[in-house]
Amino acid sequence: MFKLWTSSLLAVSVGLATPLSAIAQDSIDYKEQEKLHKIADAMQADRIESDIQTLVDFGTRHTLSETESDTRGIGAARRWIFAEFERISEACGGCLEVMYVSDTISGEKRIPDPVEVKSVIAVQRGKTDPNRYVMMSGDIDSRVSDVMDYTSDAPGANDNASGVAGALEAARVLTQCEFDGSIVYAALAGEEQGLFGGKILAEKAKEEGWHLTAVLNNDMIGNIEGINGVINNTTARIFAEGTRMNESDREATMRRFYGGEVDSPSRNLARYIDTVADRYINNLDTMIVYRLDRFGRGGHHRPFNDLGYAGIRIMETNENYNRQHQDLRVEDGIKYGDTIEGVDFDYAAKLTALNAVSMASMSWAPRPPANVEIEGAVKPDTTLRWAAQEEDKENIAGYKVYWRLTSAPQWQFSRYVGNVNEYTLENVVIDNYIFGVASVSNDGFESPVVFPGPAGTFSIE
């Protein structure tokens with residue numbers, strides 16, 4: 001009697017017509033990847049510490065600061081970052097294309113006079129699908145209390161030398177591997193003055209037709225002591241917006257009737273990274289935040305989101321506002337300023353590992369499925385269709401269909417369906433679930449899940 005009651009309750013909880021045998025069969029099953037564990041273990045906190053110290057020693061990295069000096073200012077900082085990427089490239093036999101990406105900005109509230117906003121990027125080309133990209137970014141610039149003060153010391157140790165150091169360390173580790181897709185390591189400029197470095201690079205990606213699957217923006221990944229008194233090195237946040245910024249009126253109407261509010265490509269990218277953290281990063285629990293960024297604030301993933309790309313922000317859970325955007329001083333016994341003493345290097349290495357493993361997994365996986373469609377209204381079954389992946393046809397073993405209850409934050413059920421482009425889930429009613437499809441490589445690496453229709457596509461074409 002008790003077993004019958006339990007089974008009946010479970011059947012009701014997962015769907016009116018889904019048999020229990022299918023539920024057991026369709027529980028999420030991932031293939032463990034030893035290569036990803038090795039990447040996570042390879043991150044070195046002491047190298048991250050050294051890079052942060054070097055960036056802090058430039059005194060200020062304000063966007064409007066000195067560019068001619070070899071020891072102080074934004075110019076010296078970006079030249080050092082460029083040289084460091086070149087050293088990493090030399091160690092891997094020239095596997096990185098290191099370049100500046102820049103434009104002159106003027107007439108803006110925070111950049112009134114002409115200033116060259118110059119970012120540094122390094123591209124590790126994929127061997128079979130080089131026009132497919134994932135990107136890890138940090139911000140070069142720093143600031144004090146007055147956003148227009150470009151002469152005072154602004155160490156910017158956590159905000160955001162930690163993100164740049166993370167990108168450099170990820171490059172050191174990942175350049176020891178070859179990937180099917182390309183990886184971009186970016187040190188973006190002009191963040192504090194209006195996200196200009198990100199805007200310039202996002203426009204370049206669009207103009208050159210990059211298939212940019214994922215932008216992982218790392219902005220403050222080293223602080224574990226919150227303004228709220230909490231000290232915690234075991235959690236991190238992933239900010240991910242919902243509705244696509246470039247959604248048309250027609251697409252908005254479709255979303256109203258077919259769903260997708262919580263299944264933008266950015267949200268499903270965040271779910272992917274959350275799963276990576278659970279499986280490959282020791283002692284780290286990530287919290288997906290259903291918001292573009294912190295309340296009313298922004299970061300360098302936003303310009304990419306504005307153009308329709310999947311982009312998220314990875315950062316610490318507990319911020320310390322005494323260490324952000326502050327003049328260096330002591331008041332009432334409280335020390336203000338973003339100095340290196342406020343950075344936990346082991347924690348920064350942990351979040352860097354999360355980035356590196358996520359990018360490696362996506363770069364060994366095929367492209368996310370394209371043109372995903374769904375049907376099943378007033379039917380007992382749900383059918384999904386998607387386009388063949390010509391760019392990755394040698395690397396595709398097949399596809400995996402995912403589904404979850406509409407109120408569930410993570411995917412609950414999946415079924416590997418082989419190398420087909422259409423599949424019907426029998427007796428799984430479309431009204432009760434959210435659905436998606438992922439590509440699976442020959443080695444078992446999976447792409448992020450794609451929600452059907454324009455609300456969920458990873459393509460901006």
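1. Strand E13 (residues 396–405) and E16 run antiparallel and are joined by nine bridges. Within this pairing, Gly398 has Val440 of E16 as its bridge partner. Helices (H or I, at least four residues) and strands (E, at least two) are DSSP runs, numbered from the N terminus. Two strands are taken to pair if DSSP finds at least two bridges between them.

2. Axes here are lines fitted to C-alpha atoms, for helices over the stretch in contact, and angles run from 0 to 180 degrees between N-to-C directions. Strands of a sheet pair through backbone hydrogen bonds, either parallel or antiparallel.

3. On the source: this is a predicted model in which local features need pLDDT of at least 70 and side-chain atom pairs count only at pLDDT 80 or more, while totals for chains, interfaces and linings use all residues. Residues are numbered from 1 along each chain as its sequence is written, and side-chain values use heavy atoms, with hydrogens and water left out.

4. The mean pLDDT (the predictor's confidence in each residue, from 0 to 100) of the chain is 93, and 94% of its residues reach 70 or more. Residues 1–24 have pLDDT below 50, and this stretch has 19 contacts in the model beyond near neighbours in sequence. Contact means heavy atoms within 4.5 Å.

5. Strand E12 (residues 382–387) has five of its six residues buried. Buried means under 20% relative accessible area, exposed over 50%, and partly exposed in between (1.4 Å probe, protein chains only). E12 runs antiparallel to strand E11 (residues 370–375), with four bridges joining them; Arg385 in E12 is the bridge partner of Glu373. E12 also pairs with strand E15 (residues 422–425), again antiparallel and over four bridges, and here Thr383 has Thr424 in E15 as its partner.

6. E11 and E12 form a hairpin with six residues between them, and Gly376 in the turn has a positive phi of about 155°. Val378, in the loop between E11 and E12, has a phi near 50°, positive in a residue other than glycine. Val378 counts as exposed because its relative accessible area is 85%.

7. Asp332 is another non-glycine residue with positive phi, near 50°. Asp332 sits in the loop between strand E9 (329–331) and strand E10 (334–336). With 80% relative accessibility, Asp332 counts as exposed.

8. The peptide bond from Asp159 to Asn160 is cis, with omega near 5°. Asn160 is placed in helix H6 (residues 157–174).

9. The axes of H6 and H11 come within 9 Å and cross at roughly 50°, so the two helices are oblique to each other. Angles under 35 degrees count as roughly parallel, over 145 as roughly antiparallel, 65 to 115 as roughly perpendicular and the rest as oblique. The crossing is right-handed. Gly166, Glu169, Ala170 and Leu174 in H6 meet Thr352, Ala356, Met359 and Ala360 in H11. A crossing is left-handed if the near helix is turned anticlockwise from the far one by less than a right angle, and right-handed if clockwise.

10. Leaving aside residues up to four places away in sequence, Ser363 touches Arg132, Val134, Phe179, Asp180, Gly181, Ser182 and Ile183.
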